[in-house]
Amino acid sequence: MSSSKPSAQEFVAWTMGKVQTSQVAGNGAVSLPHAGAERLKADYRMYSGLLLTLGLCAAYGAFADIVSLADTAKSGLPLATLIAAVFQGFFGLTCMGVGFTGAVMDKGSTLLTTIAASSIQLAWMPFLVGLSTIGMGIVSDPSENPFIPALYDPSAAAVKFVGSMAFLGLMSYAIGFIGSLGFMAFSMHSIQAGKPQDRSGVYFRGRAKLYNGLLFLAGLVQLALGSFIINTYGNGPLEAPIFAVVFLVFSPEISVTIGLLQMIVSTIGIVRSLREKPVPDSTWFQILCFFMYFCMMAMQVLAQVAQAPGDVAAAAAPTLACVYLGIALMPAFLDWKMNNLPEDLDAINYYGIPLLSEKEQSAADREDATLEEVNSNDNNV
């Protein structure tokens, strides 16, 4: 085999985040790491770090539910919520572990990443339990509904509207958060499996439309909820909060403001994803997304929760901050990647290596394949 073609051993070491070195033809000296190897290693660490961060958010939110329900959940929906929280804590900790090994230790395997990606699917359990809770609240007696306090003497129509907004709000935030976790895990797996070219600019462009669409839906729901509360119960601060699962509303004017901001940001993101030509090194949209998330934390979380008497809603602030991260992060992340990656990513030109043959790919995919076995396959090509 020609010495200019990297061996499968080098490629596997590369995809595990190790520094690749190459032999200089003729003198056997070791050169600096190839720029393509460093680029791929940086991508792998990026996905690992984001998986670690999002896994931490998932685990934190689960711990709050576990602590609050551990002594009271005996049967029915409270017990289902507790079980769902345990599953959420499990996949959150799993993602933290896999993300840490990739971001800090430069290690990993397709087996561990597959376990993380599979465990993320458990996130649909708390999502479905949440939807069931909302559904039961919508059909409950208006005087006992979980959304609007009884002091407002809510009508059945008002309960159904607020419940519907809670349903759509949970759907947008939950899909955005679960999707962001899965996105990072599967992106790590594609690198480990020797298919980094699958994540091209076109790929990120398509995903940007989806996550900006979810952000638009979240903003529309919050705008509609705030407008309804102002029209029905007046301006804030309210005597008691209206709780719509992912929205805690004391001042509906804040909900209207944040909803409009989210709709504006998401509309810009969708328009940018529809452009034919990318704009490399453009950062103003990422700054705008950070400003939006700052406003969400300062107004939608802190300002709303701070109006609750005493500290009865204090635990809601960090939990909501974690839930909101996915839907605020992904539009900025995907916009940057779609504008700074080739539309048709060629592993040979972008990462500096040829694709593996079938025999090499098969060896790289086996969790227990040793570097000697992979190198033997390479020598037989």
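Tutor: V245 sits in the loop between strand 1 (242–243) and strand 2 (248–249); strands here are DSSP runs of E with at least two residues, helices are runs of H or I with at least four, and both are numbered from the N terminus. Keep in mind that this is a predicted model, where local features need pLDDT of at least 70, side-chain atom pairs count only at pLDDT 80 or more, and totals for chains, interfaces and linings use all residues. Residues are numbered from 1 along each chain as its sequence is written, and side-chain values use heavy atoms, with hydrogens and water left out.

Most residues other than glycine have a negative phi. V245 counts as partly exposed because its relative accessibility is 26% (buried means under 20% relative accessible area, exposed over 50%, partly exposed in between, with a 1.4 Å probe and protein chains only).

At 66% relative accessibility, D153 is exposed.

Now for a couple of contacts across the chain. L248 and A316 are 68 residues apart along the chain, yet 8.7 Å separates their C-alpha atoms. A316 is part of helix 10 and, at 25% relative accessibility, is partly exposed. Likewise, P154 and T232 lie 78 residues apart along the chain, with 9.7 Å between C-alpha atoms. T232 belongs to helix 7 (residues 201–233) and is partly exposed at 38%.

The whole structure has two salt bridges (a side-chain nitrogen of Lys or Arg within 4 Å of a carboxyl oxygen of Asp or Glu). In one of them, R272 pairs with D335, the closest N and O atoms being 2.7 Å apart. R272 is in helix 8 (residues 252–274) and D335 in helix 10, so this pair links parts 63 residues apart in sequence. Both R272 and D335 are buried. D43 and K337 form a salt bridge as well, at 3.6 Å from N to O. Since D43 comes from helix 2 and K337 from helix 10 (residues 316–340), that one ties together parts 294 residues apart in sequence. D43 is buried, and K337 is too.

D43 and K337 turn up again in the lining of the largest cavity, among neighbours including Y47, S187, R199 and F204. A cavity here is a set of points on a 1 Å grid over the protein atoms alone where a 1.4 Å probe fits but cannot get out, with lining residues having an atom within 4 Å of a point.

Technical notes
On a 1 Å grid over the protein atoms alone, a cavity is a set of points where a 1.4 Å probe fits but cannot get out, and a pocket is an open set with protein on both sides within 12 Å along at least five of seven lines; lining residues have an atom within 4 Å of a point.
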